[in-house]
Amino acid sequence: MHIIMSYSQSKTATIDNNVDLENNTISTITFAKTPQNLSRSMVRKKSDPALVTNPRFQMLRSFIANLQEIIFGTKLALLFPAIPLAVIANSLGFARPWIFASSLLGLAPLAERVSFLTEQIAYYTGPTVGGLLNATCGNATEMIIALLGLRKKKINVVKFSLLGSILSNLLLVLGTSLLCGGLANFKREQRYNRKQSDVNSMLLLLGLLCHLQPLLFKMASAGGDSSVATSTLQLSRASSVFMLLAYVAYIYFQLITHRNLFDAQEEDNKDEDEEKPVIGFWSAFTWLAVMTLVISVLSEYVVGTIEAASDSWGISVSFVSIILLPVVGNAAEHAGSIIFALKNKLDISLSVAMGSATQISMFVIPLSVVVAWIMGIEMDLDFNLLETGCLAFTIIVTAFTLQDGTSHYMKGVVLSLCYIIIAACFFVHKTPLISKYIPSYCRP
């Protein structure tokens with residue numbers, strides 16, 4: 001009995017001071033993680049508890065334990081020094097490309113930590129609220145960059161970055177996962193549940209339809225520029241509202257009516273050490289607010305210096321926004337997806353890639369249009385001919401790749417090469433911030 005009480009006291013002390021809350025909830029609340037959180041958890045590591053045994057005071061010990069878990073609980077901790085470097089570089093007036101590069105690197109560990117903190121809060125709020133919280137905050141970095149870009153009226157940067165997230169998840173993440181998984185399980189047939197991928201494919205196709213309609217309407221219309229622009233904007237706003245309604249239905253489908261489809265993949269992946277929170281509710285909430293604030297600062301640096309970095313490096317803004325931003329921002333999630341594919345757990349890898357792409361397409365993009373509408377900024381769903389064509393090809397080739405429920409390394413090769421070809425296309429396609437492809441009403 002004495003041993004059990006000592007363990008319980010030490011365990012509670014390392015979480016935070018809310019002893020009553022945690023004694024009542026830790027043993028009763030368990031939370032089914034989303035595939036995105038399972039993927040990001042692969043780049044986490046356990047910190048050494050010996051580092052927090054020296055402080056004598058309870059509050060200090062709790063603070064150090066939480067700080068240690070937040071900072072050193074991820075394998076991306078080596079990138080945290082880029083955050084103060086970005087702030088110092090901006091304060092001292094360093095070259096803007098250096099500010100952009102350090103800010104971009106600093107966003108990688110922050111994105112993973114936001115996912116970790118959201119998961120910790122979800123343990124206390126219960127599975128439904130926690131699942132909704134995880135689904136909403138799954139792409140917090142992209143959402144913040146989009147909102148800051150809208151505030152600065154850099155609509156093309158917002159569109160490019162969100163488009164790049166979809167392309168990266170469907171081709172790069174999924175492609176490298178299938179490639180690595182196929183090579184690691186060369187003599188075994190890899191299978192996955194088609195039901196989840198079918199649902200995501202339907203939503204992606206619905207999002208593609210909403211992106212195609214403004215472009216096709218503009219190309220088919222014979223009216224004047226002002227009338228076409230107004231009609232395209234109205235069509236985009238109406239489509240965005242319906243896309244948000246479809247995403248709400250998807251969340252209800254995922255968390256309430258057909259939750260078994262999305263939870264079945266996690267039954268064999270439960271780690272008892274991760275089944276309980278490691279920090280308290282209010283500590284996690286406070287750290288989440290701090291991390292979100294830091295992400296906002298770095299995102300503002302990224303949005304404000306992207307043109308200078310593009311000019312200095314001799315590459316187009318479209319390449320930086322579509323290729324570099326998504327790759328760095330989702331580095332932790334990408335690495336976790338590949339690791340699960342190596343372990344022949346393709347259901348999780350597919351859910352990570354397609355789930356993130358669906359969230360960007362059906363939630364973040366239409367939300368950006370609606371927020372821009374509220375702010376009085378005229379943003380539509382017309383992503384221009386080249387960008388929309390790449391999006392259409394990506395969704396179609398992904399749907400064809402996943403239609404049979406089996407996988408091998410050749411599928412990964414094809415998807416990865418498709419992404420490289422698209423990246424090369426945007427590398428040579430020099431698109432200025434103001435061009436003939438951007439409607440006049442979108443120009444600042």
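**Helix packing and buried sites in the predicted model**

At 12% relative accessibility, Tyr 124 counts as buried (under 20% relative accessible area; exposed is over 50% and partly exposed in between, with a 1.4 Å probe and protein chains only). Tyr 124 belongs to helix α6, residues 96-125 (helices are DSSP runs of H or I, at least four residues, and strands are runs of E, at least two, numbered from the N terminus). A polar atom of the Tyr 124 side chain lies 3.0 Å from the backbone oxygen of Ile 279. This pair is a polar contact (N or O atoms within 3.5 Å; within protein, one must be able to donate a hydrogen and the other to accept it, and residues adjacent in sequence count only if both atoms are side-chain atoms). The C-alpha atoms of Tyr 124 and Phe 281 are 6.7 Å apart, although 157 residues separate the two along the chain.

The model is predicted: local features need pLDDT of at least 70 and side-chain atom pairs count only at pLDDT 80 or more, while totals for chains, interfaces and linings use all residues. Residues are numbered from 1 along each chain as its sequence is written, and side-chain values use heavy atoms, with hydrogens and water left out.

The protein contains 18 helices and two strands. Of its 444 residues, 55% are buried.

Helix α14 covers residues 317-329. Eleven of its 13 residues are buried, so α14 is largely enclosed by the rest of the structure. Among them are Val 317, Phe 319, Ile 322, Pro 326 and Gly 329. The buried residues of α14 pack against α6, α9, α13, α15 and α18 (409-428). Ser 316 sits in the loop between α13 (281-313) and α14. Ser 316 is buried too, with a relative accessible area of 4%. Its side chain reaches the backbone oxygen of His 429 at 3.4 Å.

Axes are lines fitted to C-alpha atoms, for helices over the stretch in contact, and angles run from 0 to 180 degrees between N-to-C directions. Helices α9 (residues 155-184) and α15 (residues 331-342) have axes that come within 7 Å and cross at roughly 30 degrees. That makes α9 roughly parallel to α15 (under 35 degrees; over 145 is roughly antiparallel, 65 to 115 roughly perpendicular and the rest oblique). The crossing of α9 past α15 is right-handed (the near helix is turned clockwise from the far one by less than a right angle; anticlockwise is left-handed). In α9, the contributors include Ser 168, Asn 169, Val 173 and Cys 180. In α15, they include Glu 333, His 334, Ile 338 and Leu 342. By class, this contact has six nonpolar, seven polar and one charged residues (Ala, Val, Leu, Ile, Met, Phe, Trp, Tyr, Cys and Pro count as nonpolar, Asp, Glu, Lys and Arg as charged, and the others, Gly among them, as polar).

Helices α8 (residues 140-151) and α16 (residues 346-375) come within 10 Å, axis to axis, and cross at roughly 25 degrees. That makes α8 roughly parallel to α16. The crossing is again right-handed. From α8, Glu 142, Met 143, Ala 146, Leu 147, Leu 150 and Arg 151 take part. Among the residues on the α16 side are Ile 360, Phe 363, Leu 367 and Met 375. Eleven nonpolar, one polar and two charged residues make up this contact.

Helix α4 (residues 58-72) packs on α13 at an angle of about 50 degrees, with the axes 12 Å apart. The two helices are therefore oblique to each other. α4 passes α13 in a right-handed crossing. Phe 63, Asn 66, Leu 67 and Ile 70 of α4 meet Ser 283, Trp 287 and Met 291 of α13. The tally is five nonpolar, two polar and no charged residues.

Phe 383 lies in the loop between α16 and α17 (385-401). It is buried, at 4% relative accessible area. Beyond residues up to four places away in sequence, Phe 383 touches Lys 159, Leu 163, His 211, Ile 365 and Thr 388. Its C-alpha atom is 7.6 Å from that of Leu 215, 168 residues away along the chain.

Ser 407 lies in strand β2, residues 406-407. It is buried, with a relative accessible area of 6%.

Definitions and conventions:
Contact = heavy atoms within 4.5 Å.
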